[in-house]
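Okay, thanks for coming, everyone. Let me put the structure up, and then I'll walk you through it.

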Amino acid sequence: MANKTVQLEIKRQASPDAPAVWEKFEIAWQPGMNVTSALMEIAANPVTADGRPTTPVTYDSNCLEEICGSCAMRINGKARMACSSLVEHLDQPIRVEPLGKFPLVRDLQVDRSVLFANLKAVKAWVPIDGTYALGAGPRQTPQQQEANYPLSNCISCCCCMEVCPQFNEDTDFVGAATIAQVKLFNNHPTGKVLAEERLRALAGDGGIQECGFAQNCVEVCPKRLPLTSAISDIGRDVLLQQAKDFLRG
Ligand code: SF4
Ligand code: SF4
Ligand code: FES
């Protein structure tokens, strides 16, 4: 019996201005192989399927267990994590290309710093810095912890933004991940001191009103964050905040 192989077609681009080309690879199949391990195999022997030497494919990767969020890419047309995309579950040839809505760095590597800028804009943190010991924080009930835990699972992969029809240069929409983190930090007993500022940051252009509620985001999220309920809840809170600010003059 012939040895089993894996075929991949990978979109290559040496720099943001270089022309994009698709390269085909055929590598030996191994049990439990995922797209990241296939890319590692190619890096160890960068030769195309027709025997032409090439360069190793550039991509981001770190944890290899769907925790760091760095390896998001489009695999067979779907935004997903390379490290948890098992080859045996994918149709071949496996088509691998970079996320399309973020500035390209090289090959499969993109610059997703917009998410971190958005998280900064909504103050997605608990403000506990001080010059003296602040003591123990307020207690949270197990029910509160359970309600908030799913929101804390975001790995900043940007898949939800990639598939969102509203995430584009025309709207400057912050995207679902940022809205979910506003809910997480506004629910936190210490984090909520910045709740009003976070809601105001989502009230302007590019804020929550840009969401068309198409729900592509919740379908694609690898960590299954409850994004639609976060968007509904924060949408309501932003409206209430706007009403309060209006009445305060
Ligand atoms: S619900 Fe639709 S429009 Fe709103 S963030 Fe999700 S994908 Fe984007
Ligand atoms: S909400 Fe989900 S899809 Fe969006 S960045 Fe976080 S983990 Fe990724
Ligand atoms: S390498 Fe960390 S999520 Fe894939």
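So, how do the residues of the shell around ligand 1 divide into nonpolar, polar and charged? There are eight nonpolar, four polar and no charged ones, where Ala, Val, Leu, Ile, Met, Phe, Trp, Tyr, Cys and Pro count as nonpolar, Asp, Glu, Lys and Arg as charged, and the others, Gly among them, as polar.

Quick housekeeping. This is a predicted model, with local features needing pLDDT of at least 70, side-chain atom pairs counting only at pLDDT 80 or more, and totals for chains, interfaces and linings using all residues. Residues are numbered from 1 along each chain as written, chains are lettered from A and ligands numbered from 1 in written order, and side-chain values use heavy atoms, without hydrogens and water.

Back to ligand 1: the residues around it, meaning a heavy atom within 4 Å, include Cys164, Phe173, Cys211, Gln215 and Ile231.

Now ligand 2. Among its surrounding residues are Cys154, Cys157, Cys158, Cys159, Cys160 and Cys221, plus Leu225 and Leu227. That shell comes out as 11 nonpolar, one polar and no charged.

Then there's the sheet. Pairing here takes at least two DSSP bridges between two strands.

Ile75 is the one standing opposite Val96 in strand 5.

Conventions
Helices (H or I, at least four residues) and strands (E, at least two) are DSSP runs, numbered from the N terminus.
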